[in-house]
Amino acid sequence: MEDRKRRGHPMKYNWNWGVFWEASPEGTGTYGELLIAGLGWTIVTALCAWILALAIGTTVGVMRTLPSKWANILAACWVELFRNIPILVQLFVWFYVVPELLPKAWGTAIKQMPNAAFVTAVVGLGFATSARVAEQVRAGIQSLPAGQAMAASALGLTLPQAYRHVLLPRAFRVVLPPLTSEFLNLIKNTSVGLTIGLLELTARARSMQEYSAQVFEAFTAATLLYLLLNVVVVSAVRALERRVAIPGQVGT
Amino acid sequence: MPMIEIKDVSKAYGAFQVLRHCTTSVDKGEVVVVCGPSGSGKSTLIKTVNGLEPFQTGNIIVDGVSLADKATDLPKLRARVGMVFQNFELFPHLSIVDNLCLAQQKVLGRDRPAAEAKAHALLARVGLPEQADKFPGQLSGGQQQRVAIARALAMDPIAMLFDEPTSALDPEMVSEVLDVMVALAKEGMTMMVVTHEMGFARKVADRVIFMDKGEIVEDAKKADFFGNTRNPRAQAFLSKILQH
Amino acid sequence: MGGFDFDVIQRSLPYLFYEGMAFTLQLTLIATLGGVALGTVLALMRLSGQGALAGFANAYTTLFRSLPLVLVIFWCYFLLPYIGAWLTGADRPIKVGAFNSTVITFTLFEAAFFAEIMRAGIQSIPRGQAAAGYALGLTYSQVMGRIVLPQAFRNMLPVLLTQTIVLFQDTSLVYVISLTDFLGAASKIAQRDGRLVEMYVFAALVYFVISFALSQLVRTLQARFAVKR
């Protein structure tokens, strides 16, 4: 019915902000609830991928600062590999290619996972983001005065102890702002997951547009939710920054 | 047997020779001052003693442990030799007491109460009993350097290395640090000190080493060094420094 | 699935490159030029010190930098026909065309990022430079056009090029509106011939080679600039 009206007056887009309270044809609730569920998947995917990215990225970033040529080369290759392929292509490789290359039983098991899109998105986004985290961690460690590592060794700390207790705690404070940007990027990149069927926020807005034809309401709502998410993350990081601020140090 | 024995040590960065055939030794309880113009290799020499700077030829033996031996456990050796740096190098993200406790707990395996007791005792000894819970950024340079000395002493070192401990300090803070070092020397600590503070050398040094262009040019008892230096380069250096 | 089929790649090379890669490169090039131009204007607005202009530029860059590109692509895809109709006075949404639509999308989106780069570039030029220009009697546009912007571009060239590499990779997202860029072409062959492994591995390899080569170029450039300054 709505559709017919629009055809009669093509330039008149029929705004209907009440659409969010209408039942969605997926039968799981209203359109509004559909979008909120999408926001939930966006957040969960981003958080899981972030944990993966931090773990791998820290390891690779530390490797780039170690006095070992092989660790350096290996870490540099990792960074270049994941930085120079578009995220969408990486997701396709994880989704369509990797299961084929694994032993047959594994590949089948992966393809039959009920949440294959989610797992693929977490792994794909996590690995891609790890390269960027690694570069930040490396820069953070290299920004510290060389004397700090020397003082740690002079006290008899082993190299792992020096990283654990002296270098990394300082480096992470230095790179907190750029890491925040990377996390915000990661949140935005979860939307690429819709290409492999991840039902995150943009995907939900898109399906709402397809079912209800209220395209601009759907996208406006998604836009506002992304902006809100940004604000929440930025203020959370501000609070964290205050908590970990070192007394007596200006700036960092 | 000397506590620190440096035998014919040479080191080069590419074509640049930083150390040339350096040989000397420090006995137990002895205080040796190393001086020389900047770029003479004195900082590099003192850092080779605890393996912070590798060297290519020769050997260094600290309390019977050979540094040229690849099997030597360097962290273990360093834990027994205290070092104080020009720029203090306290860990700014740790409180003063945590700066003193970190290596005691992680390297020596002391428990927290024992480490803290030791930390508080040493802070009192360097005249900073009230500062335990502050952070390095909240202290003056002289106070930071005294904390750094306390941090090194917390490991119960067999010897202490000082790499220009007062040259990053404002002039009015130099004496508070030197006083701590003089007291340490009088208690019989084995010390190797890179410094231009000739007053300190006159007061407590047993021997003075003069370096230039990576070489040990003069290695003499204090009285001989200040009384009748034979080497013209050392003479020129001394006259320049003592003018002020 | 069988073994790795090189033949399918070889057969589709002309389609992949003449159709797909040509689209990708054109889009990258035009959106870079458009994005840098619009971004520079936004940066000047931001630094103009005039409330409304600066506020608009700030809101623009914040908005686009907070949104996923995929969402922006959808926004433009649906909204541009209406805007086009409004601009031309047509009585129904006009057809913008897939290529034009994506060019506009990427220009608008990347402008927000180029604006931040140009702002940093302009701010890196000492104030004395502009002051010296005004002291010689030059106008605002002369000072910007002849003194400040040329230096800002020069200083920021490596960063601008790095952003262009990001843009090059971002263009693959036009897949979501089914366009035939390089990835779109690869994907179409992959679906048609059931050769997903070969086509996606090949696509990844091509993107990698191009991005990596360009980033090495940027690094060389950066090193050369660093010496001169």
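Colleague: What ipTM does the model score?

Modeller: The structure is a predicted model. Its pTM is 0.88, and the ipTM asked for is 0.92.

Colleague: What is the average pLDDT of chain C?

Modeller: In chain C, 97% of the residues score at least 70. The average pLDDT of chain C is 91.

Colleague: What area is buried between chain A and chain C?

Modeller: The contact involves 35 residues of chain A and 38 residues of chain C. Carbon and sulfur atoms give 76% of the buried area. The total buried between chain A and chain C is about 3300 Å².

Colleague: Which element gives the largest share of the side of chain A that touches chain C?

Modeller: Six residue pairs, both members at pLDDT 80 or more, are in polar contact across the interface of chain A and chain C. On the side of chain A that touches chain C, at least two residues each come from helix H3 (69-83), helix H4 (87-101), helix H10 (201-212) and helix H11 (215-244) of chain A. The largest share, nine residues, is that of H11(A). By class this side of chain A has six charged, eight polar and 21 nonpolar residues, and the element asked for is H11(A).

Colleague: Which side chains meet in a salt bridge between chain A and chain C?

Modeller: The rule finds one salt bridge across the interface of chain A and chain C. Side chains of opposite charge can pair when their charged atoms come close. Here the N to O distance is 3.2 Å, and the side chains are those of Glu80(A) and Arg219(C).

Colleague: How many salt bridges are counted between chain A and chain B?

Modeller: This contact takes 23 residues from chain B and 21 residues from chain A. About 2000 Å² is buried between chain A and chain B, with 71% of it on carbon and sulfur atoms. Four residue pairs, both at pLDDT 80 or more, are in polar contact across this interface. The number of salt bridges between chain A and chain B is zero.

Colleague: Which element gives the most to the side of chain A that touches chain B, across the interface with its four residue pairs in polar contact?

Modeller: Across that interface the rule finds four residue pairs in polar contact, both at pLDDT 80 or more. The elements of chain A that give two or more residues to the side touching chain B are helix H7 (146-154) and helix H8 (159-174). The residues of that side divide into two charged, nine polar and 10 nonpolar. With seven residues, the element that gives the most is H7(A).

Colleague: In what order do the four strands of the open sheet in chain B lie?

Modeller: Seven bridges join E1(B) to E2(B) in the antiparallel sense, and five bridges join strand E1 (residues 4-13) to strand E4 (residues 57-62) of chain B, also antiparallel. E4(B) in turn pairs over two bridges with strand E5 (residues 65-66) of chain B. The order is E2-E1-E4-E5.

Colleague: Which side chain meets that of Asp63(B) in a salt bridge?

Modeller: Asp63(B) lies in the turn of the hairpin formed by E4(B) and E5(B), where it has a positive phi of about 50°. In the salt bridge the N to O distance is 2.6 Å, and the partner of Asp63(B) is Arg80(B). The pair links distant parts of the chain, 17 residues apart: Asp63(B) is in the loop between E4 and E5 of chain B, and helix H2 (residues 74-80) of chain B holds the partner asked for, Arg80(B).

Definitions and conventions. Residues are numbered from 1 along each chain as its sequence is written. Chains are lettered from A and ligands numbered from 1 in the order in which they are written. Side-chain values use heavy atoms; hydrogens and water are left out. Contact means heavy atoms within 4.5 Å. Buried area is the accessible area (1.4 Å probe) that two parts lose on being put together, summed over both. A salt bridge is a side-chain nitrogen of Lys or Arg within 4 Å of a carboxyl oxygen of Asp or Glu. A polar contact is a pair of N or O atoms within 3.5 Å; within protein, one must be able to donate a hydrogen and the other to accept it, and residues adjacent in sequence count only if both atoms are side-chain atoms. Ala, Val, Leu, Ile, Met, Phe, Trp, Tyr, Cys and Pro count as nonpolar, Asp, Glu, Lys and Arg as charged, and the others, Gly among them, as polar. pLDDT is the predictor's confidence in each residue, from 0 to 100. Two strands pair if DSSP finds at least two bridges between them.
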